[in-house]
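Open the model in your viewer and keep the selection panel at hand. The tour goes stop by stop.

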Amino acid sequence: MTIVGGGLGGLTAALALRQRGLRVTVLEQAAELGEVGAGIQTAPNASRVLLGLGLRAALEEIHTEPLDQVRRRWQDGSVIGLTPLGDFCKREYNAPYWHYHRADLHKVLLDACLDEARPGPVVRVRTGCRVVAVDRSNPARPAALTAAGERYEADVLVGADGIRSGVRDALGLPDTLLFSGEMAYRALIPGDKIAADPATRWLVDRFQSTIWYGPDRHLVHYMIRGGEWLNVVAIVPCSPEVERRWTVPATVDELADAFPGWDDRVALMLSKAEGDVSAWAMYHRRRDPVWVDGHVALLGDACHAMLPYQAQGASQAMEDAAVLAEELGAVPREGVRAALTRYVARRAKHAGMVQDAAWRNMSLYHLPDGPEQRARDERLKRFDGESDV
Ligand code: FAD
């Protein structure tokens, strides 16, 4: 099994396949494995996959559990609605809703891939290994060819190489990426800076995940590393430069100025960001049910990149990983094609629904004040009173 890409999707797949006794090589172009300095949420669907991989003890060390998610109005921070998370998710879905620093989650997955004490063959991880082509001259043994001239042949080649997947291109699939016109600022704010200021302390007291809704833009923030950092994702209309370059460094001032006219506490909070701030153009992939061709399969952003307005991109990749391993783990070599067909049949429709829901959230979150916004806010109230805070 060869997996191109050692991101959260690729490593989850490697671990899940290893757990089924399969030999896996991960080829990653970066010189060092890692993740961007930002937070990530896993809803119960993804937490269930991670726990199923035997990672509970490691995840207990690195997670932060939000008690609920509060939805606030842009102008004054007034509460529109409250969605219970915490114990509610464990009770209702039998799995937790957790937040992490991405680097911590990535390291947990990598350590488990490399842990000799675990069952199944240790995953081979090759860094600095950029795949430049896929050779399918032997359809049953596709090979990844690297920039350094190496060849990695396997029964199955998995493209977990992200939104601009080269493996996808090698399959000759159509370009289904759609630019949203929006960008995300990503930043971290030290938790102690927030706690030291009475105007922002309320954010840290109740490990609460927050979404602010406003015309044209929205803001998400939640604590990671037990309150060491507040992770911020600020969605605003995209600048031409970010649209052209996809990801660019940004400044704290730019971030703090990104919400003119909003509740003053927003700019105050954002002005406390430290370290790297970056701006990312937001893309969505139109639903495309073709994830597999012969013995080559796609996974994660390579086949279902979505706006992060459901916090589900990596989570869907983790679900892909679990299903791929279930299907491939049980078959002999001659059953690979049918197993991959079942993988797509089990996953593509569901991931497509999540892609579409995330896209719809763009207009829903960004409604201008008026009747539609008021109707949305009425609907969002329905969880009130169920919070476990
Ligand atoms: P990637 O993470 O892009 O990994 C692809 C890997 O492949 C990279 O390591 C890359 O270097 C490597 N690669 C690429 N090309 C090659 C090549 N030719 N050869 C070798 N290696 C290659 N999702 C959630 O579930 N929860 C959230 O809370 C959440 N929040 C988000 C917030 C923001 C602002 C954004 C932008 C996204 C968010 N997402 C979230 C989505 C999530 O980040 C992505 O869906 C997820 O990281 C995709 O994982 P992946 O493994 O498919 O791809």
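Which residues are the closest to the ligand, and how many surround it? Select Gly5, Gly7, Gly162, Gly300 and Gly313: these are the closest of the 33 residues around the ligand. A residue counts here if its C-beta atom, placed from the backbone, lies within 6 Å of the molecule.

Two notes before moving on. This is a predicted model: local features need pLDDT of at least 70, side-chain atom pairs count only at pLDDT 80 or more, and totals for chains, interfaces and linings use all residues. Numbering starts from 1 along each chain as its sequence is written.

Now color the shell by class. It has 15 nonpolar, 13 polar and 5 charged residues. Ala, Val, Leu, Ile, Met, Phe, Trp, Tyr, Cys and Pro count as nonpolar, Asp, Glu, Lys and Arg as charged, and the others, Gly among them, as polar.

Next, select helix 13 (313–329). Helix 13 gives the largest share of the shell, 4 residues. Helix 1 (8–19) and strand 12 (177–190) are among the elements that each supply at least two. Helices (H or I, at least four residues) and strands (E, at least two) are DSSP runs, numbered from the N terminus.

Go to helix 14, residues 336–365. Center on Arg347, where helix 14 bends by about 30°. The bend is the angle between axes fitted to the seven residues ending there and the seven starting there.

Last stop: strand 4 (68–73) and strand 5 (79–84). They pair in the antiparallel sense over 5 bridges; pairing takes at least two DSSP bridges. Select Arg72 and find Val79 opposite. Then pick Gly77 in this hairpin, with a positive phi near 75°.

Note on methods:
The expected span of a helix is 1.5 Å times one less than its number of residues.
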